[in-house]
Amino acid sequence: MPSNDPQLPSGTDPADRPLIIARRDVRGIVVLELHGELDLVHSPRLGVAINEVLRERPEGVVIDPCKTDFVDSTGLAVLINAHSRAKRQRIPIKIACDVD
């Protein structure tokens, strides 16, 4: 179904919108802001990004999904698996929105 979203070119299927992962570091905490679709196609990229962050052993990780347009069960599975990995490594991980 074509999108009416002004951010996408006319006739673009929203499912074709890529996942953008923006990283910022705040006093030892890594924040990953997600933009776009977190679905079967794009979820593996988030898993890779989280694994890279956890290998750095930060003081904590925050995942901000508030700018995602869609999250399916594979996206939720990546978040649940990330929580399990972080817990085993004793790295606090939270899902939170940065509200402007």
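Buried residues make up 38% of the 100 residues in the protein, where buried means under 20% relative accessible area, exposed means over 50%, and partly exposed lies in between (1.4 Å probe, protein chains only). The structure is a predicted model, in which local features need pLDDT of at least 70 and side-chain atom pairs count only at pLDDT 80 or more, while totals for chains, interfaces and linings use all residues. Residues are numbered from 1 along each chain as its sequence is written, and side-chain values use heavy atoms, with hydrogens and water left out.

The protein has 2 helices and 4 strands, taken as DSSP runs numbered from the N terminus (helices: H or I, at least four residues; strands: E, at least two). Read from the N terminus on, the order of these elements is β-β-α-β-α-β. Contacts here are heavy atoms within 4.5 Å. Among the contacts in the protein with a separation of 6 or more, 65% involve residues 24 or more positions apart.

The opening pair of strands comes next. Strands count as paired if DSSP finds at least two bridges between them, and E1 and E2 pair in the antiparallel sense over 7 bridges. Within this pairing, Arg-24 stands opposite Val-31 in E2. The two strands form a hairpin with 2 residues between them. Arg-27 is found in this loop, between strand E1 (20–26) and strand E2 (29–38), and has a positive phi of about 50° although it is not a glycine. For context, most residues other than glycine have a negative phi. Arg-27 counts as exposed because its relative accessibility is 76%.

H1 has 13 residues and reaches 19 Å from its first C-alpha to its last, close to the 18 Å expected at 1.5 Å a residue; the expected span is 1.5 Å times one less than the number of residues. The buried residues of H1 are Ser-43, Leu-46, Gly-47, Ala-49, Ile-50, Val-53 and Leu-54. They cover an arc of only 165° around the axis, so they lie on the same side of H1, the arc being that of the directions from the helix axis to the C-beta atoms. These buried residues pack against E1, E2, E3 and helix H2 (73–88).

Pro-44, also found in helix H1, counts as partly exposed at 49% relative accessibility. Pro-44 and Gly-75 are 31 residues apart in sequence, and their C-alpha atoms are 8.4 Å apart in space. Beyond the end of the helix, Arg-57 is found in the loop between helix H1 (43–55) and strand E3 (60–71).

Leaving aside its neighbours within four places in sequence, Leu-54 is in contact with Val-61, Ala-82, Arg-85, Ala-86, Gln-89 and Ile-91.

With a disulfide taken as a pair of cysteine sulfur atoms within 2.5 Å, the count comes to 1 disulfide. This disulfide joins Cys-66 to Cys-97, with an S to S distance of 1.3 Å. Cys-66 lies in strand E3 and Cys-97 in the segment after strand E4 (93–95), so the pair ties together parts that are 31 residues apart in sequence. Cys-66 is partly exposed, with a relative accessible area of 36%, and Cys-97 is partly exposed as well, at 44%.

Asp-98 likewise has its place in the segment after E4 and is partly exposed, with a relative accessible area of 41%. Neighbours within four places in sequence aside, Asp-98 is in contact with Arg-24, Glu-33 and Asp-64. The C-alpha atoms of Asp-98 and Val-31 are separated by 9.8 Å, although the two residues are 67 residues apart along the chain.
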